[in-house]
Amino acid sequence: MKNPAAFHALLTAFIAFWLVGTTDLGAQDDVPTVSGLQFGVHDDRVRLRLNVVPTPAFALFTLNNPDRLVVDFPALNWNVPEQQQEGIPFISSIRYGLFRQDRARVVMDLAEPVSIERAFTVPERGAEPGRLVVDLAPTTREAFDARAGLPEQARWHGDAPPVPAQARKGDIVVAIDPGHGGIDPGAKFGKFTEKSIVLEFSKELAAAISARPGMTAYLIRDRDEFVPLAERVARAHLARANVMLSIHADSVESGKAHGMSLYTLSAKGSDQAANALAARENRADVIAGADLGGETDDLTRLLVELAQRGTKDESSKLAKAVLMSLRGRVDLLRTRPHRQANFRVLKAPDIPSLLVELGFLDSKRDRKRLKDPEWRQTAINAIVDGINAWREEASPGFLTPR
């Protein structure tokens, strides 16, 4: 070839296109297990090596805003020690988990734009494990943005949601939304993950609600799966919910805090901390490498905002009733336990909605409570009593079957 450099550039572009386009992973009999992660540096290049058995099919692509390198597998067991996930050039952090029922996802947050020069698998040989090898090199912002994008087959699509229970005549339906899930763990502290804590609490809360006359519960997710924020609201509508509670257990970015708190929807948050919390929660889809979808047009946004006005008032009424029931039975956040923020998951225009913060994972006091079955039962009984008190005074239009 007369121009080897041009040929190499063409070959690299072809490989990159193949990597981004090849996302039909199919099924695999044996679930791959990633047992180790190493890296090597040569000049300004970095080679990532994931020890994985059996050698899997994979799809590899990049996303921007923020910059991420994403690897999809048909399924995955991730057994990489924490210390092996640190100090890797170009990569600031790594997340992994179930993205949808047929796909596991590893998301690597990038400290700077990179190009994927090669990616290939090496089958296991004797005592040597199989490997997925990815070669990375620095690139320009313009070149990275031109290549970044979510392949169609890699988008989240609706797994079958939990089937709504048949509500008894006259019951209100309470949708319980355990926050986060799958590849999105939420807040973490040691072995504690928000997604697991809130799922356990939500299942117990749903059982208590359905045992109370006049109420039927519906779980937005009943397993460790990722569910986009808009889909959570859609599932509440599917269940014909009269009320929606989104359950969380966050951590504070600065200072210390403990105790339960409630949030209702507002475009303007109660304070800087409330705005920061909402901003973190609203990025759940981005964290998972999910498609955020298009922006709502101005007319639709206006109609939704008009419909939300009465629902916001009813949400505040619900928050007041639940807060009164919680007071004196569990510790509440010392300053303003009822707060407001612009949470996307609270934006159903016709369903009164609350975000319930059970506590903070970086608080030793709250972690102890969240592990205590007696405390959980006390908090659950108080929430159910609060919903029942709201039901006695709610505007009739919000109590009718949907």
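The dialogue below goes from the whole chain to the sheet, the cores and the salt bridges.

Tutor: Begin with the kind of model. This one is predicted.

Student: What percentage of the 402 residues is buried?

Tutor: Buried residues make up 48%. The chain exposes about 19,100 Å², and carbon and sulfur atoms supply 54% of that area. Among contacts with a separation of 6 or more, 77% join residues 24 or more positions apart.

Student: How do I read a sheet?

Tutor: Strands of a sheet pair through backbone hydrogen bonds, either parallel or antiparallel. Here, an open sheet of 5 strands runs in the order β5-β1-β2-β9-β8, with mixed pairing. Its edge strands are β5 (77–78) and β8 (114–122), each pairing on one side only.

Student: In which sense do β8 and β9 pair?

Tutor: Antiparallel, over 8 bridges, with β9 covering residues 131–138. For a landmark, Val-114 stands opposite Pro-138 in β9.

Student: Which residues touch the most other members of the largest nonpolar core?

Tutor: Leu-205, Leu-245, Met-260, Ile-383 and Ile-387, in a core of 43 residues. Several elements each supply at least two residues, among them α3 (194–211), β14 (243–250) and α7 (298–326). The largest share, 8 residues, comes from α9. A second, separate core of 30 residues includes Val-80, Phe-90, Leu-110 and Ile-116.

Student: What does Met-260 contact beyond its neighbours within four places in sequence?

Tutor: Its partners include Leu-326, Val-356, Trp-375 and Ile-383.

Student: Now the charges. How many salt bridges are there in the whole structure?

Tutor: Side chains of opposite charge can pair when their charged atoms come close. A search finds 24 salt bridges here. Take Arg-141 and Asp-67, at 2.5 Å, N to O. Arg-141 is in helix α2 and Asp-67 in the loop between β3 and β4, 74 residues apart. Arg-141 is partly exposed at 35% relative accessible area, while Asp-67 is buried at 11%.

Student: Which residue of helix α2 is 4 residues from Arg-141?

Tutor: Asp-145, about one helical turn away. Those two also form a salt bridge, with the closest N and O atoms 2.9 Å apart.

Student: Are Arg-232 and Asp-177 buried or exposed?

Tutor: Arg-232 is buried, at 3%, and Asp-177 is buried, at 1%. Their side chains meet in a salt bridge at 2.6 Å, N to O. Arg-232 lies in helix α4 and Asp-177 in strand β10, so the pair ties together parts 55 residues apart in sequence.

Key:
Residues are numbered from 1 along each chain as its sequence is written. This is a predicted model: local features need pLDDT of at least 70, side-chain atom pairs count only at pLDDT 80 or more; totals for chains, interfaces and linings use all residues. Side-chain values use heavy atoms; hydrogens and water are left out. Two strands pair if DSSP finds at least two bridges between them. Buried means under 20% relative accessible area, exposed over 50%, partly exposed in between (1.4 Å probe, protein chains only). Contact means heavy atoms within 4.5 Å. Accessible areas come from the Shrake-Rupley method with a 1.4 Å probe; for residues, only the protein chains shown count as cover. A nonpolar core is a set of buried Ala, Val, Leu, Ile, Met, Phe, Trp, Tyr and Cys residues joined through side-chain atoms within 4.5 Å. A salt bridge is a side-chain nitrogen of Lys or Arg within 4 Å of a carboxyl oxygen of Asp or Glu.
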